[in-house]
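Visitor: I would like to learn how to read the nonpolar cores and pockets of a model. Where do we begin?

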Amino acid sequence: MKSHNPIHDAIDESLSGVHFDLTDMHRVLRASRLREEEPVRPPRRRMRVDLVFACAMLLILVVPLSLFAVRTRTTQTTHVVAAPGISTAGPIQTPELREDVIATQTAQSGEESEAIRIARLCFEAQCDTSIFSFEEYAVSVACSEEASGARQYTVDMTSIYGNGCRFTVVVSMPSGEVLQYSTPDLATMPTYLDTSAPEIQAWYEKNGPYLFTWSAEDQVEFSRRYEGGSLRLPTEGELTFEEASTLARTFALEQTGYSGSLSYAYPVLYAESSGSSACYVVYCCDTPVTDTLPEQSITVSFSPTGENPSIQSNTLLPSF
C-alpha cells in the first residue's frame, strides 16, 4: 500500500539498506558521552570552474610577493665572517645560499682582501724587508663599521717566529685610505727570546750551546729570526769565515808571541748598525769549544775586509 508521505517512504527505503552491527553501536555510545559534538563536515562539492580560475590567479599574484618578502629579510640578516676577528651582526644562513647572498659574501671577502693588500704595501714601504718579508707574518683582520657607512679594517701582522715583532695597519674601505700604522721598527726588532720554546731548543740541539761555534748560515738565520738580524754573511770583496779565522790566528800569534797553536778559531760577522760599522770578531783558542768554554782564549776583531785588526781580550797571556 502506497504511503501518503513520499518523503518518509524515501527515508525508510534508504535505511533498509543500512547494516547496523555491534561495532557501530559502540561507536554511537562513545560519541554520545562526548561533551561537545564534532561539527559535521559538509559534503564535498565539486569545485566550480570559475572558482578554480580565481584561485589560480590569486596564487600567481601572491606567491611571488611572499617569496620576495622572504628573500628581502634573509639578505638583510645574512653576514659572513671573512677572517678571524670580524664580528657578525646576524646569523649565517646554512647550508644553502642563494645567488644574492653569495654575491654579498664575495664582495665583503674581496674588500677584506683589498685591505690586506693595501696593508702589505704599507709594510713594504715603511719596514725593513731585508729582515722579514710579508710572508713571515701571521695576518689577522678585524672589521668595524663607521657611522658614515664606511668600514675600518685593522690588519694585524705578527711574526711567525714568536719574537714579539708586530705591525698593524688600519685601512678605511671602500676608499682604501691608510688611516694609521704602527712604529715600523717594532716590525723587525725582536723584543724577547724564549729559550725554552721547542723551536729555539731545536737550534741549540742541532748546533751546540754557543752561537759563535755554529756554521755561518745558521748563525745568520738564527740572528735574523730572533735577534733582528744583528749578524750577517760576508758579501763580495769581504773575507770569508775561513779567511777571517786564518787572519785572526796569525795576528794573535804575531802580536802576543804565544807559543801555542791556536788551532781553533770561531768567527762571527756583526752587521752594520746605527753608529757602528760591520765587524768580524774571532775567538781563538787551543782547545775546541764543546759544552763548556775554554779557560784561555784570545779574541781578535777587524773590518770585514781585514783592516784594522786588534786584540779585544787575551786570557792566554794576562800580562799582555
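Guide: With a definition. A nonpolar core is a set of buried Ala, Val, Leu, Ile, Met, Phe, Trp, Tyr and Cys residues joined through side-chain atoms within 4.5 Å. Keep in mind that this model is predicted.

Visitor: Which residues of the largest nonpolar core touch the most other members?

Guide: F123 and F167 do, in a core of 28 residues. Two or more residues come from each of α4 (99-126), β1 (137-145), β2 (151-159), β3 (166-173), α5 (198-207) and α6 (216-226). The largest share is that of α4, with five residues.

Visitor: What does F167 touch, leaving out residues up to four places away in sequence?

Guide: Its contacts include C122, F123, Q126 and C127. Also among them are V155, D156, M157 and Y181.

Visitor: Now the pockets. How much space lies in the second largest pocket?

Guide: About 200 Å³.

Visitor: Which residues line the second largest pocket?

Guide: D128, S130, I131, R224, E227, G228, G229, S230, L231, A271, E272 and S273. Sort that lining by type: three residues are nonpolar, five polar and four charged.

Visitor: Why does the second largest pocket count as lying between the two domains?

Guide: Because domain 1 (95-188) and domain 2 (198-314) both give residues to its lining.

Definitions and conventions. Residues are numbered from 1 along each chain as its sequence is written. This is a predicted model: local features need pLDDT of at least 70, side-chain atom pairs count only at pLDDT 80 or more; totals for chains, interfaces and linings use all residues. Side-chain values use heavy atoms; hydrogens and water are left out. On a 1 Å grid over the protein atoms alone, a cavity is a set of points where a 1.4 Å probe fits but cannot get out, and a pocket is an open set with protein on both sides within 12 Å along at least five of seven lines; lining residues have an atom within 4 Å of a point. Grid points are joined across faces, edges and corners, and a volume is the space filled by probe spheres set on the points. Ala, Val, Leu, Ile, Met, Phe, Trp, Tyr, Cys and Pro count as nonpolar, Asp, Glu, Lys and Arg as charged, and the others, Gly among them, as polar. Domain bounds come from an automatic or database domain assignment. Buried means under 20% relative accessible area, exposed over 50%, partly exposed in between (1.4 Å probe, protein chains only). Helices (H or I, at least four residues) and strands (E, at least two) are DSSP runs, numbered from the N terminus. Contact means heavy atoms within 4.5 Å.
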